[in-house]
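Hi everyone, thanks for coming. I have a short walk through one structure for you today, so let's bring it up on the screen.

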Amino acid sequence: MTRVLIVDDQRTAREVMEIAVKQSKKYSIVKTIMDAGNAYLCCMNGRVDLILMDVYTLDGENGIEAAAKIKRDFPHIKIIIVTSMPEESFIRKAQEAGCDSFWYKDVGEEDLLTVMDRTMAGESVYPDDVPVIKIGLAKSTEFTKRELDVLRELVNGHSQKDTADILGIKYDSVRTHLKSILIKTGYDTPSRFIAEVSHKNYMIPGFYKSSREDEDTKE
Amino acid sequence: MISFLQCNPITRAIIISLLIAAFTGLLFLLIIRWTSKRRPCSCLIPALLVLTVGIIWGALIDAQNNFDLGLSLSFIGEWLGNLPWVLHVLLLLVSGIYCGFGFWRERIIAKREITRDSIREALDNLPRGLCFSDGKGIPLLTNRRMYQLAEEATGRLCRNAEEMWQGLSELEGQKGIERLNKENTPTFRWTDGNVWQFYRTELTLQNRRYIQTTATDITRLYTLTEELEKNNAALDKQYKRLKNLLNEIVQITQEEAILASKVKIHKELGECLLAARRYLILKQPEKGIFELFQQWQEVIRFMESTLKEEKKTSDYAMRELIEAAEALGCTIIFEGSTQEDAGHYPILKNAIREAMTNAIRHAGANELTVHMDIEDNTLYAVMKDNGNRLITSISEGSGLSTLRSRIEQAGGNMEIRCGGGVELHIKLPVKEVS
């Protein structure tokens, strides 16, 4: 029997997962929690084999960061990241954190149990790409990597000037990227566009530190 | 070929007059070259030419006089008079061309040459004001604009650069001239609306000290700066608004989820009631009694879970933490004069969790005491475990160092004390909760 820990703060999603796990004879639920930060403590008694981890949990605790910590200290525990947010960086971050699989709650092509089975069999199941969403007139796939970097900093509440400093590029380049984004999406002001991006959960303000801070922590 | 003396009188008169003209022109050129103190070589050719033309002129007059008036003829006059007239014309041509070319070159050189006057003229045409003075303030070179500006500003003619600078620095504004800054680069709005900025720099040239005072028209720059400041202020405002908005988005999404579940309860409860009513009153059961019973149970369970969730979320996370700790055989005991989080709930939760993890993993503790006090607007929190393993030092892993940076960002500090159980001391300023 595989023992499963469910981490999700949304009731509906939690129920969906609980029902799925209960239906199967192969799995049993150890515990359901809402705060990803507490997952590590739950793993310490060694009674967890598989974690279904939401990314954005209670109090804004980051599920992927928690997963990375667990994977570091308990590498035998399998972790499946589950999310309904089309945030562009999640898949990459999950892979970096060493998570085994990744499942989109709303648009996952395979059902959860299949993903769980395959993960337990040692496979790594990742969707090919982030679900494409529409922001203004543009599809989320139309942005370039640098544009996404600029956008991330703006969503984090930095000014254009700070963004240039953080990314180590020129202020004019930031403006050019922003202009190009606005032309693609058809918004007339950056504020409207940024509000739309965060409303659609394409990027979540303050959830990830800027790339430079990331590097600092690594050092 | 006919000689000079064989020509008709008119031609002779013309040649002699032209020789006089060439002589005068060459003489002028010689004087100009001589006075412009150039190399003596450049005077040599005109001098020789003057001499030649002069002698020929004299000799030809002599020959003419002999011919017309029958006066006695000198040897040189006879010889030159009998030379072909073409030779004289050739000499005239050469002198004329040389003279013309010489004057043309002199003009070009005079134009190119930098003299005191040309410098002054150039400076007077400069749009900015400029004044060079020596260390004592005695002006060496001041342009027209500077005189004009200084006089308009100070109300008198400035004869000393130091005095002028003093006057400008102390000027607070008068006669429609408005002072715009208090720094050491006095800036004024002039009567005509233009903005002038004065500044001075020290120059050292051949070990002598000079002072350069400059007045620049920065009207355009100033207007643009003002505009930029205004725009920046507006942008700042927008960013603040946006930031607030972004902070609220997560909250709003949560509220939306709660609303959705409320709607669901309403709908499902309605359905249950309808089904029950059918069953009881109309006695037309759509479903069996057990099915109905199950439906009711589901609704009730659903409602219970929703009700639970509407509690403050922070209680949940903390309770989860306590439960998880208890599952590992460790109890959290809260002590101290306060249970308030002083606006630092996420940090405190993390600190407790970190202390808890370390207490269980490394110290083998089964009790963690959290002691909290608020004094002088500062929250003092101490987390202490009852671990039985002796720990003398702790190397901060990622968890503790992240916690430390978060605490320091919030304006507090963190200290780890070892010996007789590990203690985590945290000091945080009380945050005003809006």
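This is a predicted model: local features need pLDDT of at least 70, side-chain atom pairs count only at pLDDT 80 or more; totals for chains, interfaces and linings use all residues.

How much area is buried between chain B and chain A? The figure is about 2900 Å², and carbon and sulfur atoms give 57% of that. As for who takes part, chain A brings 35 residues to the contact and chain B brings 33.

If you'd like one to look at, find B:Lys349 and A:Glu61: they form a salt bridge in which the closest N and O atoms are 3.2 Å apart.

Which helices of chain B supply at least two residues each to the side that touches chain A? They are H8 (219-282), H9 (289-309), H10 (313-327) and H11 (345-363). The largest share comes from H8(B), with 10 residues.

Let's zoom in on A:Asn38. You'll find A:Asn38 in a loop of chain A, between strand E2 (27-33) and helix H2 (39-43). Is A:Asn38 buried or exposed? A:Asn38 counts as buried, because its relative accessibility is 0%, and the cut-off for buried is under 20%.

What does the side chain of A:Asn38 meet there? Its polar contact is with the side chain of B:Arg353, at 2.8 Å. Beyond its neighbours within four places in sequence, A:Asn38 is in contact with A:Ile33 on its own chain, and with B:Ala317, B:Glu320, B:Leu321 and B:Arg353 from chain B.

Last stop: the surface of chain B. Here B:Leu51, B:Ile55, B:Phe75, B:Ile76 and B:Trp79 make a nonpolar patch of about 590 Å². Two helices of chain B, H2 (41-69) and H3 (75-81), each supply at least two of the patch residues. Which of them gives the largest share? That is H3(B), with 3 residues.

Take B:Leu51 as an example from this patch. B:Leu51 sits in helix H2 of chain B. With a relative accessible area of 54%, B:Leu51 is exposed, since the cut-off for exposed is over 50%.

That's my tour, and I'm happy to go back to any view you'd like.

Technical notes:
Residues are numbered from 1 along each chain as its sequence is written. Chains are lettered from A and ligands numbered from 1 in the order in which they are written. Side-chain values use heavy atoms; hydrogens and water are left out. Patches are made of residues with over 30% relative accessible area and no salt bridge: like charges are joined within 9 Å, nonpolar side chains (Val, Leu, Ile, Met, Phe, Trp, Tyr) within 5 Å. Accessible areas come from the Shrake-Rupley method with a 1.4 Å probe; for residues, only the protein chains shown count as cover. A salt bridge is a side-chain nitrogen of Lys or Arg within 4 Å of a carboxyl oxygen of Asp or Glu. Helices (H or I, at least four residues) and strands (E, at least two) are DSSP runs, numbered from the N terminus. Buried means under 20% relative accessible area, exposed over 50%, partly exposed in between (1.4 Å probe, protein chains only). Contact means heavy atoms within 4.5 Å. Buried area is the accessible area (1.4 Å probe) that two parts lose on being put together, summed over both. A polar contact is a pair of N or O atoms within 3.5 Å; within protein, one must be able to donate a hydrogen and the other to accept it, and residues adjacent in sequence count only if both atoms are side-chain atoms.
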